[in-house]
Every structure is written in structure tokens, then in C-alpha cells.
Amino acid sequence: MSTEKTALTPATHTTPPAKFSHGVKKGNILQVAGQVGFLPAEEGKAPTPAGPTLREQTLQTFANVKAILEEGGATWDDVMMMRVYLTDVDHFAEMNEIYNAYFEEQGLKAPASARTTVYVGLPKGLLIEIDALAVLS
């Protein structure tokens, strides 16, 4: 029996700039594409970063990932793996503090997901990108 792949684009997100989906779900697997700290989409307005700081962008990035998870019927408890992409190695400790505090506030019932952090180049002004893989029960 084949399971259809469904694209996930919450109302808070703009159409992706290339041929990809913000998230896809097939069966009980949900993959969230790399999200950055853009504020919710506004018609006719270019995407805007949440702010210049790592904290502002990280918290908005979490909100953007969460919106896609929820669009697909998932929660943070369903996330098996997260990948964090930073533009500056000096942001690692601060990002971990923000990450730990955020997930403490989420009140997860399941163990924390696995995570990898790597350093990349992102468009000017963006400091962080996060993707996630969730398996729904």
C-alpha cells in the first residue's frame, strides 16, 4: 500500500524561493526543511529576519519549525533529530543556552531529540538555520 507524500506550508510561511517544500509528510514521517528566523509572512512584503541577534533569530526559527510540525500533526515530542546550522563558531555556547532554555519551557514528555550542529554560510544577516525529522506515533 502506497502512502502519499504531502507538502506542508503553514499560513505563517511564504512560498519557498526554490522548488522545495517547507515540510513534507509521508505516512508517519515528517521532515521539516531548514528554517531560518524570518518573521511570519506578510502579503507583498519580503521575508524579514526577527532581528539581528542570535537569540531573536533562534527563537523565531524554533517558532517556524514548530509551525510546520503542527501543520503535519506533530509536536516537539515527535522529533527524533534536529540539525542546527550556525554561521559563526563563536555562537555555539550562546545557541546551546537558548536551545536548552527553550526546550525546558516546552515541557517535553519524551526524551530530547538527537542533534547535530554544523557551521555554514547563510544569506546576509541570517545567523542560524534548523531542520527537524519527526516520526509520529
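Helices here are DSSP runs of H or I with at least four residues, strands are runs of E with at least two, and both are numbered from the N terminus. The model is predicted, so local features need pLDDT of at least 70 and side-chain atom pairs count only at pLDDT 80 or more, while totals for chains, interfaces and linings use all residues. Residues are numbered from 1 along each chain as its sequence is written, and side-chain values use heavy atoms, with hydrogens and water left out.

**View 1**
Helix α1 takes in residues 54–71, 18 residues in total, and reaches 26 Å from first C-alpha to last. That is close to the expected 26 Å, where the expected span is 1.5 Å times one less than the number of residues. Buried residues (under 20% relative accessible area; exposed is over 50%, partly exposed in between; 1.4 Å probe, protein chains only) include Leu54, Phe62, Val65 and Ile68 of α1. After the helix comes Gly73, with a positive phi near 85°.

**View 2**
Six strands form an open sheet with mixed pairing, in the order β1-β2-β3-β6-β4-β5; two strands pair if DSSP finds at least two bridges between them. At the edges sit β1 and β5, each pairing on one side only. Neighbouring strands are turned by 15° against each other on average, direction ignored; axes are lines fitted to C-alpha atoms, for helices over the stretch in contact, and angles run from 0 to 180 degrees between N-to-C directions. Helix α1 packs on this sheet, touching β1, β2, β3, β4 and β6, and its direction makes about 155° with that of β3. Contact means heavy atoms within 4.5 Å.

**View 3. Strand β4 between its two partners.**
Six of the eight residues of β4 (79–86) are buried. With β6 (128–135), β4 pairs in the antiparallel sense over seven bridges, and Leu86 stands opposite Ile128. With β5 (114–119), β4 pairs in the parallel sense over six bridges; here Leu86 stands opposite Tyr119. From β4 the chain crosses through helix α2 (92–105) to β5, a right-handed β-α-β crossover: with the strands pointing away from the viewer, the path from the first strand over the helix to the second runs clockwise.

**View 4. Ser21 in its loop.**
Look for Ser21 in the loop between β1 and β2. Ser21 counts as partly exposed because its relative accessibility is 26%. Neighbours within four places in sequence aside, Ser21 is in contact with Ala7, Pro16 and Ala33.
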